[in-house]
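Here are some exercises to work through with the model open in your viewer. Try each task before you read its solution.

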Amino acid sequence: MEITDLFQIIAEQYGLVAVYALIVAWAGFQANSVKHLLMMLSIMGGVFVVMFQTFDLKRDLDVFGLAERFGLTPDFANAVAALLMTYVLGFAVFGVKRLFHRPAADA
């Protein structure tokens, strides 16, 4: 079994949002610095918003009720929620990685 097979199994069972969450988590783990993490998450966030609108995934990511609170269109609220999910998940994984693997202090 290869990594593509694993992603296909997860996508068939849980949808593309779960696969994308795994990819974002892996990027957070691989980041070397906050600057590197921001660059990767910005690219991935843009790709995810475009992918979400292009493939019309029919997932309601607006779990915070942004559309009702601020009078946003559902597509824009889903885009904002997708960006929030991307950045929060990426920084969370990066933060956990930094907790357990600290760089050596220069003496």
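## Exercise 1: Ala27 and its surroundings

Ala27 touches Leu37, Met40 and Met44, once neighbours within four places in sequence are set aside; contact here means heavy atoms within 4.5 Å. A word on ground rules: this is a predicted model, where local features need pLDDT of at least 70, side-chain atom pairs count only at pLDDT 80 or more, and totals for chains, interfaces and linings use all residues. Residues are numbered from 1 along each chain as its sequence is written, and side-chain values use heavy atoms, with hydrogens and water left out.

**Task.** Work out which helix holds Ala27, and whether Ala27 is buried or exposed.

**Solution.** 
- Step 1: Ala27 sits in helix H2; helices are DSSP runs of H or I with at least four residues, strands are E runs of at least two, and both are numbered from the N terminus.
- Step 2: Ala27 has a relative accessible area of 5%, so it is buried. The cut-offs are under 20% for buried, over 50% for exposed and partly exposed in between, using a 1.4 Å probe and protein chains only.
- Step 3: Look across to Leu89, which is 62 residues from Ala27 in sequence but 9.9 Å away in space, C-alpha to C-alpha.

## Exercise 2: The largest nonpolar core

**Task.** Say which residues touch the most other members of the largest nonpolar core, and which helix gives the most to this core.

**Solution.** 
- Step 1: The largest one has 15 residues, and Tyr20, Val24, Ala31, Leu37, Met44 and Phe48 touch the most other members.
- Step 2: Two or more residues each come from helix H2 (16–30), helix H3 (34–55) and H5. H3 gives the most, with seven residues.
- Step 3: For background, nonpolar side chains tend to be buried together in soluble globular proteins.

## Exercise 3: Out at H1

**Task.** Decide how Phe7 and Leu6 class by accessibility.

**Solution.** 
- Step 1: Both belong to helix H1: Phe7 is there, and so is Leu6, with the helix running over residues 3–14.
- Step 2: Phe7 comes out at 25% relative accessibility, so it is partly exposed. Leu6 has 33%, so it is partly exposed too.
- Step 3: Leaving aside neighbours within four places in sequence, Phe7 is in contact with Val19, Leu22 and Ile23.

## Exercise 4: The whole chain

**Task.** How many helices and strands does the protein chain have, and what percentage of its residues is buried?

**Solution.** 
- Step 1: Count five helices and zero strands, in the order α-α-α-α-α along the sequence.
- Step 2: Of the 107 residues, 30% are buried.
- Step 3: Among contacts with a separation of 6 or more, 60% join residues 24 or more positions apart.

Terms used. Core = buried A, V, L, I, M, F, W, Y, C linked by side-chain atoms within 4.5 Å.
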